[in-house]
Amino acid sequence: MTNPNPDFKALIGKRSAARLAAVQALYQYDLNEQSIDRIIGEFVTQHLGKEIDGVEYKDADAEFFADLARQTVKQRDAIDGQLATAISVRDADRVETLLRAIMRVGAFELMGRKDVPAKVVITEYVDVAHAFYGGAEPGLVNAVLDRVARAVRPEEFSR
């Protein structure tokens with residue numbers, strides 16, 4: 001599992017913490033090919049709201065976290081299809097694992113959780129990207145998720 005920059009403090013709400021944890025769970029899933037349900041269980045019992053090796057894991061909305069992680073894995077092909085239209089296939093293949101996990105969970109939330117406004121979703125995952133990256137990556141997340149949002153929720157952008 002990869003840990004966020006300990007100095008990054010923007011992610012403070014329970015849903016924000018759930019999004020960050022879902023990205024970490026997907027990263028672990030992609031690297032270890034364990035069952036997503038096993039990874040979710042491990043996060044809920046051993047990580048969320050605890051401090052491990054000096055890293056504080058924020059208390060998160062466990063139900064929201066589990067839904068994001070589980071549904072992102074379940075709908076991976078559809079999500080990857082949306083991401084492929086948002087970035088060139090050549091670029092999609094070159095995106096590293098953690099950055100791809102951020103985009104996948106964000107794309108799932110845009111596609112499958114219409115209870116959260118698209119602009120909020122995009123902002124949240126840009127913040128997640130800032131927790132791990134200091135370069136151009138958050139801008140890439142913003143651009144890709146904006147394209148996905150406009151494709152799957154055009155009504156939110158026609159105003």
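**Entry 1: Asp30**

I began with Asp30, which is buried at a relative accessible area of 17%. My cut-offs are under 20% relative accessible area for buried, over 50% for exposed and partly exposed in between, with a 1.4 Å probe and protein chains only. Asp30 sits in helix H1. I take helices (H or I, at least four residues) and strands (E, at least two) as DSSP runs, numbered from the N terminus. Setting aside neighbours within four places in sequence, I found Asp30 in contact with Arg76, Thr97 and Arg104. Contact here stands for heavy atoms within 4.5 Å.

A note to myself on the source: this is a predicted model, where local features need pLDDT of at least 70 and side-chain atom pairs count only at pLDDT 80 or more, while totals for chains, interfaces and linings use all residues. Residues are numbered from 1 along each chain as its sequence is written, and side-chain values use heavy atoms, with hydrogens and water left out.

**Entry 2: the chain as a whole**

I counted eight helices and two strands. Read from the N terminus, their order is α-α-β-β-α-α-α-α-α-α. Of the 159 residues in the chain, 47% are buried. I also looked at contacts between residues at least 6 apart in sequence: 72% of them join residues at least 24 apart.

**Entry 3: the core**

Which residues have the most contacts inside the largest nonpolar core? I noted Phe65, Ile102, Tyr125 and Val141, in a core of 54 residues. Such a core is a set of buried Ala, Val, Leu, Ile, Met, Phe, Trp, Tyr and Cys residues joined through side-chain atoms within 4.5 Å. The elements giving it two or more residues include H1 (14-32), H3 (62-74) and H8 (137-152). The largest share, ten residues, is from H1.

Not counting residues up to four places away in sequence, Phe65 touches Ala18, Ala21, Ala22, Ala25, Ile40, Phe43, Val44 and Leu48.

**Entry 4: helix H2**

Ile36, Ile39, Ile40 and Phe43 are the residues I listed as buried in H2. They lie on the same side of H2 because they cover an arc of only 100° around the axis, the arc being that of the directions from the helix axis to the C-beta atoms. H1 and H3 are among what covers the buried residues. Arg38 and Thr45, on the other side of H2, are exposed.

**Entry 5: Val73**

Val73 belongs to helix H3 and is buried at 17% relative accessibility. Leaving out neighbours within four places in sequence, I see Val73 in contact with Leu26, Tyr29 and Ile36. Val105 is 32 residues from Val73 in sequence, and their C-alpha atoms are 8.9 Å apart in space.

**Entry 6: H4 against H6**

How do H4 and H6 pack, and at what angle? I have about 100°, with the axes 9 Å apart. The axes are lines fitted to C-alpha atoms, for helices over the stretch in contact, and angles run from 0 to 180 degrees between N-to-C directions. H4 and H6 are therefore roughly perpendicular; that label covers 65 to 115 degrees, with under 35 roughly parallel, over 145 roughly antiparallel and the rest oblique. Arg76 and Leu83 of H4 and Arg104 and Phe108 of H6 are among the residues making the contact.
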